[in-house]
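Have a look at the structure first, and then read on.

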Amino acid sequence: MSDAFWIILTGALAASSCGLLGTFLVLRRMSLLGDALSHAVLPGIALAFFLSGSRAVLPMFLGAALAGLCTTLLVEALHRRWRVQEDASIGIVFTAFFALGVVLISAYAGQVDLDQECVLYGEIAYTPWDLLLWKGASLGPRPVWILGGMLLANLLLVGLCYKELVISSFDPAMAVALGINAAAIHYLLMGAVSLTTVAAFESVGAILVVALMIVPGSAAYLWSDRLPAILGLAVGFGVAAAAGGYYLASRWDSSIAGAMVVVQGGIFGVSLLLAPNQGLLARLVQRGRLSLRMAQDHMLLGLVRRAEARSESHWSRLQVHQAGKVPTWLRGLAFRQLRRQGLVAGGAEGYHLTQAGKGEALRLLRGHRLWETYLNCLGLPEDHVHAGADTVEHFLDDQLRQELSAQVAGAQVDPQGKRIPDPGPPLAQG
Amino acid sequence: MLDQTLRFFSLADANVRYVLLGSLLIGGTSGLLGCFGVLRKRSLMGDALAHAALPGVALAFMLTGSKALPVLILGAAISGLLGVLAIQVIVGQTRIKSDAAIGLVLSVFFGLGIVLLTHVQRSGAGNQSGLDKFLFGQAASLVEEDLRVMAWLAAGILAAVVLFFKEFKGLIFDAGFLHASGFPTRLVDLGLMGLIVLTVMVGLQAVGVVLMAAMLITPAVAARFWTERLLTMVWLSALFGSLSGVVGTFVSSLAPRLPTGPVMVLVSTALFAFSALFAPRRGALARWRQHRANVRRETRHHLLRAAVELEERGVRGLGLDQLAVRLGWPQGRVRRWAGRLAREGLIQSVQGRWQLTEAGRQQGAFVVKSHRLWEYYLVHREILAADHVDRPADEVEHLLNPEIITRLEEILQQERQLDITRLGNLHKGESGHRPGGREG
Amino acid sequence: MPAENGAQIPLQIHDMTIAYHKKPVLWDVDLEVPAGKLVGIVGPNGAGKSTMIKAVMGLVPKASGWVKVYGRPYEEMRQVIGYVPQRESVDWDFPISALEVVLMGRYGRLGWVRRPGEEDRRLAREALAKVGMAEYAERQISQLSGGQQQRVFLARALIQDARLYLMDEPFSGVDAATERAIIDLLVELRSQHRTILVVHHDLQTVTNYFDWVIMINMRVVANGPTAEVFTDENLQKTYGGRLTLLSEAAQAMAVPPRGR
């Protein structure tokens with residue numbers, strides 16, 4: 001087993017544990033509390049080091065759990081009894097604890113194998129040499145055992161308490177009503193976060209643990225809104241970042257843990273851009289599509305109104321471009337789309353609305369005029385209804401049109417005296 | 001150690017002077033701006049800013065090879081602002097909420113900063129010992145040029161706060177009204193944000209990236225305990241911040257390996273703890289005292305009222321057992337409190353039984369009148385039925401001061417033509433409610 | 001139709017539509033309010049009453065339409081508009097006194113940087129006295145009751161000495177005595193030929209308090225003298241119908257449909 005393998009495995013195990021728990025933190029809007037906890041366990045760890053004189057795991061866990069508990073209790077006390085705002089309470093407590101931890105470490109730095117920088121970003125590079133010895137034989141790196149165990153514990157927690165975690169995250173009141181002890185779940189989760197921080201502490205340090213918790217879950221949240229998928233993606237992203245981080249740090253000599261976080265961030269950035277629905281690109285495309293559709297609709301409406309008013313049926317390309325109120329830069333595109341969709345046909349001698357095009361245009365017109373009539377029934381002044389209907393017409397689907405028609409009791413003529421087209425045959429959706 | 005202290009504070013050493021002044025400025029500005037951040041409920045934005053500044057510091061060094069403070073600060077400011085911008089974009093464009101966005105940006109930028117920092121360390125490109133001071137802060141590394149920069153920045157920050165104090169106050173209290181008054185609130189908000197960025201930049205070298213947030217939160221919250229006026233809070237917060245800076249610097253000068261940031265934070269937290277415990281009115285001790293005084297007053301009132309009411313029934317000379325039964329208290333408690341009232345001259349012992357003194361009768365009458373006035377009010381305003389009023393009246397009577405009593409009298413006289421000189425007991429029989437009150 | 005002498009009309013709104021996140025919440029508002037009236041704005045919850053006031057103040061963006069105050073755009077007329085926002089819009093635990101809150105009403109006149117001076121303080125105390133809060137000038141606002149807080153807000157508006165007042169639910173959550181005091185004050189303002197618009201939630205008191213009423217439910221149902229316009233028919237239109245179509249269309253506009 002190469003060094004790279006052990007290091008990546010350690011990172012992956014840490015990231016998986018953190019990703020699992022962190023997703024719940026993100027969904028429960030407790031990211032900052034998680035951040036605070038991971039900082040605040042430091043004095044607990046430091047004290048455990050000094051008192052036990054070794055790097056044994058159990059005292060560290062105890063110390064961390066104690067520190068975590070104190071933090072949670074103090075934050076509650078400040079917030080409830082002293083009426084300090086919640087985020088200020090968190091800020092005061094965790095910085096004080098962290099400062100205490102750093103002071104302890106600096107003061108006793110000579111005596112224990114722990115320095116300030118290690119606190120921040122760990123020493124994952126030393127993993128392959130940090131071996132667990134039993135009866136003289138090496139069982140592999142210690143961190144792998146610790147983190148592996150932690151992952152198992154977290155998987156157990158999430159697996160057994162899945163329902164409770166989900167309900168208490170989305171609707172704490174409901175959870176209580178169902179007899180689920182939301183407070184217990186809260187403390188259980190906080191405890192798991194504290195312990196996982198300790199387990200990952202030596203490998204990735206205090207501050208980067210936060211990244212491993214929050215970032216994968218957030219990135220996953222951009223891709224899916226189903227919890228099992230989010231959890232799976234979070235773990236997947238974590239593992240990918242572990243591998244990626246290792247290679248980045250070996251190419252560009254730097255802290256491996258830091259590199260893992262940077263890769264995590266990169267994954268998040270890519271998700272931010274590319275995720276369907278939530279991503280920035282997707283939103284841009286959506287907006288563009290909408291504008292195009294509205295342009296097409298306007299063009300169709302313009303044509304059918306001209307047809308109605310002047311009994312025309314053929315137009316030149318220029319006339320089509322100018323039909324409706326279409327922004328200049330969209331005209332060509334809209335026109336091309338209409339032809340491609342078979343709503344407008346023709347050639348150099350002139351363009352006309354196809355059967356399908358006529359049908360669509362009439363539906364739009366019907367919707368527009370129905371809406372005008374409706375607004376008029378509601379008492380809106382007549383010179384306004386046109387503009388309002390202009391915006392709404394694009395968003396009326398068949399169902400809304402039917403309801404509208406029912407509301408205006410089958411009116412035939414709109415407020416401006418123009419005829420409202422009949423419903424016509426239902427068009428296939430497409 | 002004593003002579004070290006004296007040496008330090010005698011300011012003979014020029015370096016010490018710079019460092020001290022620097023810490024003063026840093027603590028002061030953080031305390032100042034921290035108030036606005038805390039009152040805006042944006043305490044942890046400062047944390048995000050500080051962590052996000054780290055890659056900027058490293059990059060500034062890598063690109064220019066210079067460790068001059070203005071260069072590093074510029075890099076820090078740009079990077080910090082980019083971080084804040086990223087948070088806004090994430091929150092504005094996706095379903096990720098602000099707490100996750102802050103934590104995300106904070107830790108990723110910090111991770112990037114660590115990568116850059118460690119790369120610089122390992123590539124051995126000149127001594128990097130200046131850069132890792134930015135992690136936990138080392139005020140001792142401040143030199144004269146640094147101080148010049150910091151002094152200018154601090155002066156600018158102070159001037160801006162003084163000039164635009166009312167605009168910031170208006171923005172935080174009621175931004176809508178400020179806008180309606182004709183001020184461009186977006187601009188004022190940006191201005192405030194800019195000042196916070198500057199403050200973080202000023203403090204980074206001494207406090208460090210990791211703990212800068214604390215200096216923006218803790219002194220401000222501590223100051224809030226002492227006052228109800230914004231101006232006082234702001235100055236007090238600046239004072240606490242400066243104190244933390246000076247003491248923190250001094251302590252860490254005694255132990256060179258100790259970074260200044262954590263010590264400053266601990267001092268600041270100690271000031272906070274002191275404020276939370278001992279501030280008058282809002283501190284824990286004051287509130288406890290107030291609570292005890294309240295309970296005492298209530299108990300005293302209950303005893304007096306019981307005595308007066310018993311006397312009304314023609315009972316002369318009250319025995320312990322009678323009072324105990326009437327109040328629903330254990331006899332020991334009655335004895336204790338009777339003793340207290342006796343010492344205060346409200347009751348006296350006559351042939352082994354208790355009797356109200358004139359003073360006691362007066363006070364007792366007042367308590368009884370309050371109680372009954374309130375009962376009448378509740379009944380006649382049809383808020384509660386006659387058999388339900390005793391307990392609510394019991395709880396309220398201690399809070400009725402003479403002004404309210406007078407108003408009550410007026411209302412009842414006007415509306416019900418009540419003869420307040422002859423307020424009888426509304427309860428024909430016993431109300432069944434024992435005015436036990438809380439344990440004294 | 002906008003009148004020729006718009007300079008006399010305190011408030012003109014034309015074809016104003018307001019959308020939150022692309023979802024229209026107020027459609028095509030068109031109205032005029034004559035001078036010297038005490039105007040009640042009523043409608044069910046979520047009908048857009050507060051939104052309309054905020055839009056006039058420029059606090060929410062308009063999707064379309066314009067607003068004129070005495071014939072000019074409202075940005076130019078801020079000096080003559082007094083605004084009383086909802087009490088919940090503010091953190092009453094903020095460390096300032098009642099006097100300081102009222103002084104904020106002078107900020108508009110002071111402009112940038114200038115501090116309130118002696119004259120401003122005198123005016124602030126006068127305003128507080130007018131609302132019966134003179135003794136509470138130095139009191140921290142969290143120590144005030146709901147009715148007292150509302151009075152402080154009112155004093156802040158009074159000190160602006162405006163010709164047009166816009167008040168968002170000034171009667172909500174106040175005791176009867178405060179309510180009476182407020183309405184007396186508003187009547188006094190009206191007698192000085194000022195115009196006051198009040199978003200109001202209690203239908204029982206409309207005919208007593210207001211001589212002009214605007215009824216809103218996602219659009220203006222009626223606008224006119226109370227005696228004429230506050231009828232059962234209009235009430236039914238305002239409060240009765242469920243306007244599902246308007247809401248559905250609005251919803252559809254917020255979530256654009258996919259494809260055709």
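In this predicted model, 59 residues of chain A are in contact with 58 residues of chain B, contact meaning heavy atoms within 4.5 Å. About 5,000 Å² is buried between the two chains, and carbon and sulfur atoms give 70% of that area; buried area is the accessible area (1.4 Å probe) that two parts lose on being put together, summed over both. On the side of chain A, W82(A), I92(A) and W252(A) lose the most area to chain B, together 12% of what that side buries.

Polar links are there too: 11 residue pairs, both at pLDDT 80 or more, are in polar contact across the interface of chain A and chain B. Such a contact is a pair of N or O atoms within 3.5 Å; within protein, one must be able to donate a hydrogen and the other to accept it, and residues adjacent in sequence count only if both atoms are side-chain atoms. The side of chain A that touches chain B comprises 34 nonpolar, 15 polar and 10 charged residues, where Ala, Val, Leu, Ile, Met, Phe, Trp, Tyr, Cys and Pro count as nonpolar, Asp, Glu, Lys and Arg as charged, and the others, Gly among them, as polar.

| Residue | Phi | Relative accessible area |
|---|---|---|
| Y70(C) | about 50° | 6%, buried |
| V113(C) | about 70° | 30%, partly exposed |

Buried means under 20% relative accessible area, exposed over 50%, and partly exposed in between (1.4 Å probe, protein chains only).

Residues are numbered from 1 along each chain as its sequence is written, while chains are lettered from A and ligands numbered from 1 in the order in which they are written. Because the model is predicted, local features need pLDDT of at least 70 and side-chain atom pairs count only at pLDDT 80 or more, whereas totals for chains, interfaces and linings use all residues; side-chain values use heavy atoms, with hydrogens and water left out.
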